[in-house]
Amino acid sequence: MAKYVGAVDQGTTSTRFIIFDRTGGIVGLEQKEHEQIFPRPGWVEHKPLEIWENTQDVIRNALAKVGANGSDLAAIGITNQRETTLLWDKNTGKPYGNAIVWQCTRTDEICRDLIKEGGQDRFREKTGLPVATYFSGPKIKWVLDNNPDARDAVQKGDVYFGTMETWIIWWLTGGPGRGAHVTDVTNASRTMLMDLHSLEWDDDILQVLGIPKQVLPKIVPSSDTDFWGLTSVDGPFGASIPVCGALGDQQAALVGQGCFKLGEAKNTYGTGCFLLLNTGTKPVASKHGLITTLAYQISSQSPVFALEGSSAVAGALVQWLRDNLGLISSAPEIENLANTVKDNGGVYIVPAFSGLFAPYWRSDARGVMVGLTRYANKGHIARAVLEACAYQTRDIVEAMNKDSGVTLRHLKVDGGMVYNDFLMQFQADTLAVPVIRPMVTETTALGAAYAAGLAVGFWSGVEELYENWSVDNTWHPSMTSDAREKGYLGWKKAVERTFNWVE
């Protein structure tokens, strides 16, 4: 009898394979980074075949580490960086160029033309999304407009589009001639091509963008009792295992955090920062700059929706401080550096490196560092970097409270930055609510494992998953209301300085 469930976590900077037991505990983990490619300012790319090679490596190495066989796994789930877009030849698996990463702004002109014709919210009623460079649809159009080989192959019916979970599932289930070409509802909801109400590709939007429907994958539930396929015996698992769970990374974290009830929210601090609030089985339209998105769908049950606020740059700002400025040599050093000063010294950093996401949606914005005086030192800059992550989250919470009509009472957190005590305490202070870190912070991979495990009956239902969640640490607000509002006022002034930089 299978003892574990495995999850591929295909993230923006690395790919991991994590093996979980019935309690949601981690049995084994392997991780491998992939190249970040910046061909021009604002452009970001990944090599799809490198990611597939890395996926195979981390699966084999994680299994070897714990002395497990593929047959010890009941099911496989996949979670992924969302919106990252690639097209490939379905007969060979050869990509038409590098994957265009979610952060990439090369579709700015396409989006500006769409907005000029019908406004930024022209597709929002159907898709829940504003027109923005963030989403996959304009990226597909860009490839078809700029890659003659892809455009010619589309006419022959030889091209598949996918976000990264689609790419990984296709290869895991056999690749050319055999692989399942599917995308789950959460990832489909990030393309700007899916109708939230029908959960189908929208013909009108496809026509506007000039995207042929035949390149798109089949839309499936996040946890699917109709398995999409079995892993190949000659593949990295060495066994036939059902592939039946997939969630975009932020929705996966919501599931991994056990936010199955209306009004429950989580925030993930990764490359970017992403806050999701469970709004139940009906989509809630945002009037304050948030995204209406799919949270998850379990087999034939009604889909569950969420409001989401996305910040493009969080952990990536720490990487920038390390790699571009050289102020630290490793990411964890930022906390010690920030603690060398008692406040930010009037310094604010707004990391609008590729524009501003929620709740502003300003592709014309670019990053700023403001409030500099001769008094400012690298400690103040380090502190401003961490405070920026917390302030971006407050912007989103303010909008979420208005949209949902529900005031946030506490915030569950996960992601690589949640071990930074300074950041977590400052987050509690600026939100004026407790911040709660769970025992298992690999909630993204855990959510994908849950989706796959539910599909095969490894877990009986969401009630059993609640029992796996437990608190590791809680930070309570300790800042005075005057200090809180003064700091936030400075942040809002700094955000305004980013606007209209790109004309």
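Is Tyr348 buried or exposed? Select Tyr348: at 11% relative accessibility, Tyr348 counts as buried. Buried means under 20% relative accessible area, exposed means over 50%, and partly exposed is in between (1.4 Å probe, protein chains only).

Some ground rules first. This is a predicted model, where local features need pLDDT of at least 70, side-chain atom pairs count only at pLDDT 80 or more, and totals for chains, interfaces and linings use all residues. Residues are numbered from 1 along each chain as its sequence is written, and side-chain values use heavy atoms, with hydrogens and water left out.

**Stop 1: rings**

The structure holds 29 aromatic pairs. Rings of Phe, Tyr and Trp (its six-membered ring) pair if their centres lie within 6.5 Å; planes under 30 degrees apart count as stacked, over 60 as edge-to-face and the rest as tilted.

Tyr348 and Tyr391 form a tilted pair, 6.1 Å centre to centre with 40° between the planes. Tyr348 lies in strand E19 (residues 348-350) and Tyr391 in helix H12 (residues 378-404), so this pair ties together parts that are 43 residues apart in sequence. Helices (H or I, at least four residues) and strands (E, at least two) are DSSP runs, numbered from the N terminus.

Tyr391 is buried too, at 4% relative accessibility. Trp491 is buried, as is Tyr391.

Next, select Trp52, Trp88, Tyr160, Trp167, Trp170 and Trp171. Ring pairs link them into a cluster.

**Stop 2: charges over rings**

Show Arg40 with Trp43. Arg40 lies over the face of Trp43, 4.2 Å from the ring centre. Then show Arg106 with Trp142: the charged end of Arg106 sits over the ring, 4.7 Å from its centre. A charge sits over a ring if NZ of Lys or CZ of Arg is within 6 Å of the ring centre and within 35 degrees of the ring normal.

**Stop 3: a sheet**

Switch to cartoon view. An open sheet of seven strands runs in the order E17-E18-E16-E15-E21-E22-E23, with mixed pairing. Two strands pair if DSSP finds at least two bridges between them. Strands of a sheet pair through backbone hydrogen bonds, either parallel or antiparallel.

Which strands stand at the edges? They are E17 (291-296) and E23 (471-475); each has a single partner strand, so one side of each is left without a neighbour in the sheet.

Zoom in on E17. Five bridges join E17 to strand E18 (residues 304-311), and the two run antiparallel. Thr293 stands opposite Ala306 in E18.

Move to strand E21 (residues 411-414). E21 pairs with E22 in the parallel sense over two bridges. Leu411 stands opposite Val435 in E22. Both faces of E22 (residues 435-438) are covered: Val435 and Arg437 on one side and Ile436 and Pro438 on the other are all buried.

**Stop 4**

On a 1 Å grid over the protein atoms alone, a cavity is a set of points where a 1.4 Å probe fits but cannot get out; a pocket is an open set with protein on both sides within 12 Å along at least five of seven lines; lining residues have an atom within 4 Å of a point. Grid points are joined across faces, edges and corners, and a volume is the space filled by probe spheres set on the points.

There are four cavities of 30 Å³ or more.

**Stop 5**

Most residues other than glycine have a negative phi, and most peptide bonds are trans. Select Ala358 and Pro359: a cis peptide bond joins them, with omega about -5°. Select Met192: its phi is positive, about 75°, although it is not a glycine. Met192 is buried, at 0% relative accessibility. Finish at Asn500, where phi is near 65°. Asn500 is exposed, with a relative accessible area of 52%.
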